[in-house]
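Have the model open as you read.

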Amino acid sequence: MSDQPSQTNSWDAQRYDGLHSFVWKHGADLIEVLAPKAGERILDLGCGTGHLTAQIAAVGADVHGIDRSDAMVDQARGNYPAISFAVGDAREFQHARPFDAVFSNAVLHWIKPPADVARACFRALRSGGRFVVEFGGAGNVGAIADAIRDAMYAMGQPAFHEINPWYYPTIGEYASVLEKQKFGVTFATLFDRPTPLEGGEEGLRNWVKMFGGVFLATIAPARHEEFFRMVEEKARPLLFSNGQWSADYRRIRVVAVKP
């Protein structure tokens, strides 16, 4: 799940598997959209710790996973030693043989510029190959982002927009990116997916520790507790209920084909 900017090249793979398994679990129905077949050659782009890669392999596909994070790839290899995993950058990877499909779940909102990813995926696919992806779309984690932004401002930290690592496009924006690379977009949807966070009262701060490290890095460690309290106070009316935090996820799902 992690072809990302520098902050996220040091993912805590064990924390990811232990407290944030919802990321790959929610990606399971995207495999139904992919509809992999035995013998197909498929790339899992930003494979994380390999759980979805393994589900694709289970149908008999020849699947390869790449991720920018060394820790994620090491964990994936430990989880599924029979599957091919490698460290690679989504913007510039190359393979000697073309793929029948490129699959990616919860990754592309980390990678800028998106045109570089689209170009690399187009190059990697055979003619008729499909590009099946889901990631954060316009409005994703809006309430969480607002809470982080307000807390940073109150603590005198750099402006949120100057360091924001996330790319959350509209359908029109992302379809345009793909069409400029000559993909044919055959399906696109943007939908809400409110997602319970593991960890009870600690759920939101666990999420920020995992996915908001770039913001935490601007704050002295001695002030992290103050920062978390401010974020939680702002977000609580919208995202906390019955002892559990939720993330206000909004996802974009796209299928495109290389002519």
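Helix α6 passes helix α9 in a right-handed crossing, that is, the near helix is turned clockwise from the far one by less than a right angle. Helices here are DSSP runs of H or I with at least four residues, strands are runs of E with at least two, and both are numbered from the N terminus. This is a predicted model: local features need pLDDT of at least 70, side-chain atom pairs count only at pLDDT 80 or more, and totals for chains, interfaces and linings use all residues. Residues are numbered from 1 along each chain as its sequence is written, and side-chain values use heavy atoms, with hydrogens and water left out.

Who touches whom? Contact means heavy atoms within 4.5 Å, and the table shows both sides of it.

| Helix | Residues | Contact residues |
|---|---|---|
| α6 | 114–124 | Pro114, Ala115, Ala118 |
| α9 | 171–180 | Tyr174, Val177, Leu178 |

The residues of this contact divide into six nonpolar, no polar and no charged; Ala, Val, Leu, Ile, Met, Phe, Trp, Tyr, Cys and Pro count as nonpolar, Asp, Glu, Lys and Arg as charged, and the others, Gly among them, as polar.

Now for α6 itself. Its buried residues (under 20% relative accessible area, 1.4 Å probe, protein chains only) are Pro114, Val117, Ala118, Ala120, Cys121, Phe122 and Ala124. They pack against β1 (41–45), β4 (99–105), β5 (125–136) and α9.

Zooming out, the protein chain has twelve helices and eight strands, and 53% of its 259 residues count as buried.

Key: Axes are lines fitted to C-alpha atoms, for helices over the stretch in contact, and angles run from 0 to 180 degrees between N-to-C directions. Buried means under 20% relative accessible area, exposed over 50%, partly exposed in between (1.4 Å probe, protein chains only).
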